[in-house]
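Subject: Structure handover

Hello,

Here is the structure for your set. My notes follow below it.

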Amino acid sequence: MAKYTFFHNPMSRAQIASWAFHEAGVEPEIIHVEWEDKPAALLEANPMGKLPTIVHHHSDHDHVVTETAAVCHYLAEMEAPDLLPRAEEKAAYFRWLFFAAGPMEAAVTNRAMGWDVPPERTMMMGYGDYDRTIDALDDWLTAHPHVCGERFTMADVYVGSQVGWGLRFETIPQRDSFAAYERRLAERPAYRASMDGAQD
Ligand SMILES: N[C@@H](CCC(=O)N[C@@H](CS)C(=O)NCC(=O)O)C(=O)O
């Protein structure tokens with residue numbers, strides 16, 4: 001039995017987890033999910049029926065992990081310590097991992113839905129406004145080749161995917177830093193292997 005069960009559909013955020021599995025060098029049992037016919041095992045593990053959902057079969061018990069950023073970090077914790085941040089990298093690692101999963105995800109999806117924060121309400125929004133959010137990440141990636149600086153870590157799988165998907169679906173603007181970051185990450189063998197798998 002594989003150590004992990006991975007509920008997957010390539011046209012979803014599960015593709016980010018697929019890249020994370022490849023980076024971690026772990027081969028899960030993949031259960032392909034059709035949106036209109038979600039398996040009972042998925043709904044049992046995650047009543048929201050959202051992807052990615054993974055189940056870690058650990059000794060005599062199972063652990064369910066949902067939320068893409070958490071899945072990425074969990075796989076690094078459990079399987080790929082080299083992709084965890086070193087002491088001096090932790091601040092940037094957690095800052096931008098949470099930034100991408102919280103403020104950035106909210107800013108980008110709200111904009112894609114056609115909703116912008118009224119200027120007088122930006123103080124109460126976690127991301128302020130869309131432009132400020134995008135500019136913050138642009139500034140960081142202009143000054144740093146990866147989330148933690150020179151070294152690739154698991155945070156780049158998540159932050160890089162947000163940038164890559166954003167550029168592809170035009171939900172984030174073209175910026176030199178984003179394009180260069182995407183190109184750098186696309187050279188990784190694990191990224192390419194996960195994309196090959198997505199086309200099967
Ligand atoms: N907060 C979740 C969001 C997951 C999510 O919304 N996944 C979408 C696909 S990208 C999904 O499973 N949609 C199916 C549904 O809602 O029925 C995460 O970050 O993983």
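Start with the ligand: one of its oxygen atoms is 2.8 Å from an N or O atom in the side chain of K50. A polar contact here is a pair of N or O atoms within 3.5 Å. K38 has a polar side-chain atom 2.5 Å from a ligand oxygen atom. For T68, an N or O atom in the side chain is 2.6 Å from an oxygen atom of the ligand. On its own, the ligand has 510 Å² of accessible area, and the protein covers 73% of that (Shrake-Rupley, 1.4 Å probe).

This is a predicted model: local features need pLDDT of at least 70, side-chain atom pairs count only at pLDDT 80 or more, and totals for chains, interfaces and linings use all residues. Numbering runs from 1 along each chain as its sequence is written, and side-chain values use heavy atoms, without hydrogens or water.

Next, the rings. The structure holds 9 aromatic pairs (Phe, Tyr or Trp rings, the six-membered one for Trp, with centres within 6.5 Å; stacked under 30 degrees between planes, edge-to-face over 60, otherwise tilted). W96 and W140 make a tilted pair, at 5.4 Å centre to centre and 35 degrees between the planes. W96 counts as buried because its relative accessibility is 2% (buried is under 20%, with a 1.4 Å probe and protein chains only). W140 is also buried, at 19%. Elsewhere, ring pairs join Y4, F6 and F21 into a cluster.

Last, charges over rings (NZ of Lys or CZ of Arg within 6 Å of the ring centre and within 35 degrees of the ring normal). R111 has its charged end over the ring of Y130, 4.0 Å from the centre. R188 lies over the face of F152, 3.4 Å from the ring centre.

Best wishes

Note on methods: Buried means under 20% relative accessible area, exposed over 50%, partly exposed in between (1.4 Å probe, protein chains only). A polar contact is a pair of N or O atoms within 3.5 Å; within protein, one must be able to donate a hydrogen and the other to accept it, and residues adjacent in sequence count only if both atoms are side-chain atoms.
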